[in-house]
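Please look at the model below with its pockets and ligands in mind.

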Amino acid sequence: MPATDVTELLGFDHLIDEEERLIQETVRSFVEDRVRPNIQEWFAEGISPRELAPEIGALGLLGMHLSGYGCAGTNAVSYGLACLELEAADSGLRSFVSVQGSLSMFSIWRYGSEEQKQEWLPRLAAGTAIGCFGLTEPDFGSNPSGMRTRAVRDGGDWILTGSKMWITNGSVADVATVWAQTEEGIRGFLVPRGTPGFTSSDVPYKLSLRASTTSELSLDEVRLPGDAMLPGAQGLGGPLGCLNEARFGIVWGAVGAARDCLEATLEYAGSRVQFDRPIAGFQLTQAKLADCALEYHKGLLLALHLGRLKDSGSLRPEQVSLGKLNNVREAIEIARTCRGILGGSGITLEYPVLRHANNLESVLTYEGTSEVHQLTIGRALTGLSAFK
Ligand code: TGC
Ligand code: FAD
């Protein structure tokens with residue numbers, strides 16, 4: 001009996017339209033040409049390739065679900081499919097696109113003044129400028145409401161002091177969206193690279209997301225003009241509104257990492273012979289592969305459902321939490337199971353599986369840990385907050 005491609009098992013292609021399929025195929029072939037041949041080396045050496053940014057921009061993937069200012073203005077499902085294909089190559093690549101489009105650009109697009117939009121969005125969309133998003137601090141991760149970074153007025157200017165931790169693209173960014181406490185509550189500020197008092201250093205010795213830059217930002221009495229503040233955001237709802245966008249991309253991206261693990265493992269299991277037969281022919285192996293394929297397809301359908309809700313304008317934050325919690329948790333489980341099927345080969349970078357598993361450890365933590373999403377769903381179900 002001929003083997004069925006795992007991607008065709010459920011007939012998912014019938015659920016997306018021609019334009020969505022075309023975007024997915026375009027991203028997939030970009031990744032095949034420009035990322036897959038190099039990703040082993042980038043991950044091993046800890047390289048996040050800055051030169052890819054304009055190419056990704058030229059494809060229209062940066063801020064692709066936003067409209068105007070050089071953004072592609074696609075629907076949410078197309079954005080999700082792009083995230084899926086990017087993360088099938090490496091979570092670091094999807095992370096770059098998520099932070100640029102959904103956190104940096106979205107914060108400006110949603111909350112910025114017209115001048116801020118004109119100044120930054122076209123360059124960020126083209127990938128000729130890089131953005132980052134500083135919410136987390138060394139002592140405030142899951143609970144950003146306690147942040148210590150502070151902005152105080154000095155005449156017409158603002159003075160920012162504090163530090164931000166674990167910031168993707170931090171040291172390569174041309175502009176940082178920095179969230180800070182003010183007398184009026186939490187507000188966002190655009191801090192250009194090179195502003196006196198604003199420095200960064202990269203997090204060393206990472207075992208995960210090695211093809212992505214992760215940095216600490218330090219703000220030592222950074223003086224900014226009055227118009228550096230994002231006028232449309234006040235309170236924690238500002239940054240959390242951006243997180244909804246990026247978390248939506250992760251819902252799809254995690255499925256891409258899972259698919260790549262599954263495809264690599266199916267190929268390996270079909271050719272690896274033990275006890276005189278391919279290991280794919282053993283019932284225990286098939287049970288694992290079937291369970292992985294099942295969770296992969298359930299995750300994909302969940303992502304599509306959330307995408308259709310987003311496109312209809314009715315997606316709620318707790319629904320995004322359902323998707324992020326499930327799809328990242330299941331993707332890690334798939335990666336670990338696949339790693340086992342690969343035996344000793346599974347521990348090397350020759351196969352993508354342990355690289356994905358290691359990356360997914362970060363994905364499990366950032367954009368709200370699994371516990372944060374469980375508590376968000378629990379709050380929605382019971383009406384009671386158990387965060388504090
Ligand atoms: P809470 O009282 O619940 O809410 C405060 C205000 O925010 C509003 N809100 C939201 N608005 C939009 N979207 C959401 N998802 C929102 N959730 C809450 C809420 O209505 C309220 O508004 P208002 O007007 O009444 O003031 O706040 P809380 O302090 O109890 O915290 C809630 C909690 C724990 C869920 C939140 O703090 C949280 O999500 N924590 C996790 C932090 C997090 O995810 N950090 C991510 C940092 S960025 C990152 O990781 C990038 S990695 C990117 C990559 O490389 O891909
Ligand atoms: P903590 O909040 O200290 O949590 C530690 C543990 O305690 C977790 O298991 C958590 O679930 C649990 N916990 C916390 N509170 C509760 C509770 N109420 N009930 C039960 N359990 C709880 N941040 C940015 O702002 N911008 C970025 O670009 C960015 N990029 C990142 C890139 C990487 C590679 C990583 C690893 C992180 C990044 N982050 C970024 C930070 C990320 O969002 C935080 O790591 C995350 O929010 C968790 O915060 P924390 O690490 O301080 O863990």
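Ligand 2 sits in the largest pocket, where sitting in a pocket requires that more than half of a molecule's atoms lie within 2 Å of the grid points of that pocket. The model is a predicted one, in which local features need pLDDT of at least 70 and side-chain atom pairs count only at pLDDT 80 or more, whereas totals for chains, interfaces and linings use all residues. Residues are numbered from 1 along each chain as its sequence is written, chains are lettered from A and ligands numbered from 1 in the order in which they are written, and side-chain values use heavy atoms, with hydrogens and water left out.

Around ligand 2 there are 18 residues, of which Thr-136, Ser-142, Trp-166, Thr-369 and Glu-371 come nearest; a residue is near a molecule if one of its heavy atoms lies within 4 Å of it. Nitrogen atoms of ligand 2 figure in its polar contacts (pairs of N or O atoms within 3.5 Å), with a distance of 2.7 Å to a backbone N or O atom of Trp-166, 2.9 Å to a polar backbone atom of Phe-133 and 3.0 Å to a polar backbone atom of Phe-387. Of the 980 Å² of accessible area that ligand 2 has on its own, the protein covers 67%, as computed by the Shrake-Rupley method with a 1.4 Å probe. Strand E3, helix H10 and helix H11 each give two or more residues to this shell, and E3 contributes the largest share, 3 residues; helices here are DSSP runs of H or I with at least four residues, and strands are runs of E with at least two, numbered from the N terminus.

Ligand 1 also sits in the largest pocket, surrounded by 25 residues, the closest being Ser-95, Ser-142, Asn-244, Arg-247 and Gly-368. A nitrogen atom of ligand 1 is 2.8 Å from an N or O atom in the side chain of Asn-244, while oxygen atoms of the ligand lie 3.0 Å from a backbone N or O atom of Glu-367 and 3.4 Å from an N or O atom in the side chain of Tyr-366. The protein covers 71% of the 1,100 Å² of accessible area that ligand 1 has on its own. The elements that supply two or more residues to its shell are H5 and H7, and H7 gives the most, with 6 residues.

A pocket is defined on a 1 Å grid over the protein atoms alone, as an open set of points where a 1.4 Å probe fits, with protein on both sides within 12 Å along at least five of seven lines, and its lining residues have an atom within 4 Å of a point. Of the 45 lining residues, Gly-141, Ser-142, Arg-247, Glu-367 and Gly-368 are the closest to the centre of the largest pocket. By class, this lining divides into 19 nonpolar, 18 polar and 8 charged residues, with Asp, Glu, Lys and Arg taken as charged and Gly among the polar ones.

The second largest pocket holds about 390 Å³ of space and is lined by 15 residues, with Ala-3, Thr-4, Leu-9, Leu-266 and Leu-289 nearest its centre. Both H7 (237-271) and helix H8 (283-311) supply at least two of its lining residues, and H8 gives the most, with 4.

Technical notes:
Grid points are joined across faces, edges and corners, and a volume is the space filled by probe spheres set on the points. A polar contact is a pair of N or O atoms within 3.5 Å; within protein, one must be able to donate a hydrogen and the other to accept it, and residues adjacent in sequence count only if both atoms are side-chain atoms.
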